[in-house]
Amino acid sequence: GRVFAQNPPGGDKPAAAKESGLVPFALPFYMPETSWGIGWALLYYDNADKSNTDHKPNEVMLYGAVTLNRQVSVGISTERYLHDHDYKLSGKVEFSRFPDLFWGVGPATDEDTDEKYTSVMFRVEGSFLFKVARSFYLGPAYLFINDTMAKREDGKVLDGGTIPGADGTYSSTLGLQLNWDTRDSIFFPRRGLYADIRALASRDEAGSEYSFSEVKIDLRRFFRISGDHVAGIQGVAELRGGTVPFQSMTRLGGDMMLRGYYQGRYRDRNFAAAQAEYRFPVAWRFAGTVFGSVGQVAPVPGELFEGELKAAFGLGIRFIADTAQHVPLRLDAGFDRDLNPNFYFTIKEAF
């Protein structure tokens, strides 16, 4: 919905154009990690000054899911700008019970070595950033994870005690976050740059079971070709050192990057990937996209570009559920290097 402020009494200058919207949905979905399920979300956004392209909308989302694999998740996330965008507050609280698969650690694990496990996770993360310059924020970030291993297969790798975190883990991670965002929209950017860099440290003195450090880099660039024809590119890297529990390692694949691979088919301490996507209108509220990506996991950063990279590609269709901010429901079909298909149905763009 849209709400426009009225002119102030006795004033000639109109007030800033305000905008807000509520996007609820509850729909069946499918992902290779979950099988079929029912997912729901309630997304609320508001923008105090839509005419100012430097101002991003505040966002709050409640979400959850139940799947045929007996996976359950529920959470709330928010991103808010305070004091005329001088401060940026982000946070997320999430609970999940997630039966999953583990193939081991490394870029060359065997397809037939998968084993089942179930983890119960409680996760809290947040950041409070200060505006340093136009669209540029810097400040502290925090992440807490408590992961309980509810079930694992007897006699398999996770049962052997050689993998950190195999009996569950907890971590309290503190660090610094840098965020630079010149996109013209957070839901459907047509132009602009997004950069998010986090340097985090998990230490037993701060309440963690294992001590390790990590750097996460997320870079995105969008180019408007014409109208709603948009090209986007993204590069990500995650680098870790120390004793890293397998829950905190990068899991290659999923509905965001390298769509087509089961999320967790490959996992390790270090990860680098890039993807490109072309988005185009189709008819009425429907739009389409084609995408491709490459990436790799490795025990040390120097091995990320050795050997054959993992590659994926695919295409998708979008239904624009909210036309004011162009919030889409998306269905993607992704194919891995061996042309095995995986399907993803969720809300908002992949990047």
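In this predicted model, strand 11 pairs with strand 14 (residues 270-283) in the antiparallel sense, over nine bridges. Within that pairing, V236 stands opposite A273 in strand 14. Strand 11 (residues 229-242) also runs antiparallel to strand 10 (residues 212-226), and 14 bridges join these two. Strands 10 and 11 form a hairpin with two residues between them, and in its turn G227 has a positive phi of about 55 degrees.

The largest nonpolar core has 13 residues, and L43, F187 and I347 touch the most other members. At least two residues of this core come from each of strand 1 (19-31), strand 2, strand 3 (58-67) and strand 17 (327-335). Strand 2 gives the most, with three residues. Setting aside neighbours within four places in sequence, F187 is in contact with residues including L43, Y45, P57, V327 and P328. Another core, of 11 residues, lies apart from the largest one; among its members are F102, Y117, I163 and F212.

A nonpolar patch of about 810 Å² is made by L22, W40, L42, Y44, L62, V74, I76, V93, F95 and F122. Strand 2 (35-47), strand 4 (72-82) and strand 5 (87-102) each give two or more residues to the patch, and strand 2 gives the most, with three. F95 is placed in strand 5. F95 counts as partly exposed because its relative accessibility is 37%, which falls between the cut-offs of 20% for buried and 50% for exposed.

Charged residues form a further set of links. Side chains of opposite charge can pair when their charged atoms come close. The whole structure holds 26 salt bridges. In one of them, D100 meets R251, with the closest N and O atoms 3.0 Å apart. D100 is in strand 5 and R251 in strand 12 (residues 250-252), 151 residues apart. D100 is buried at 5% relative accessibility, whereas R251 is partly exposed at 28%.

E111 and R265 also form a salt bridge, at 3.0 Å from N to O. E111 lies in the loop between strands 5 and 6 and R265 in the loop between strands 12 and 13, so the pair ties together parts that are 154 residues apart in sequence. Here E111 is partly exposed, at 49%, and R265 is buried, at 6%.

Finally, salt bridges with shared partners join D255, R259, E277, R279, R318, R330, D332 and E349 into one network.

How values were computed: Residues are numbered from 1 along each chain as its sequence is written. This is a predicted model: local features need pLDDT of at least 70, side-chain atom pairs count only at pLDDT 80 or more; totals for chains, interfaces and linings use all residues. Side-chain values use heavy atoms; hydrogens and water are left out. Patches are made of residues with over 30% relative accessible area and no salt bridge: like charges are joined within 9 Å, nonpolar side chains (Val, Leu, Ile, Met, Phe, Trp, Tyr) within 5 Å. Accessible areas come from the Shrake-Rupley method with a 1.4 Å probe; for residues, only the protein chains shown count as cover. A salt bridge is a side-chain nitrogen of Lys or Arg within 4 Å of a carboxyl oxygen of Asp or Glu. Helices (H or I, at least four residues) and strands (E, at least two) are DSSP runs, numbered from the N terminus. Buried means under 20% relative accessible area, exposed over 50%, partly exposed in between (1.4 Å probe, protein chains only). A nonpolar core is a set of buried Ala, Val, Leu, Ile, Met, Phe, Trp, Tyr and Cys residues joined through side-chain atoms within 4.5 Å. Contact means heavy atoms within 4.5 Å. Two strands pair if DSSP finds at least two bridges between them.
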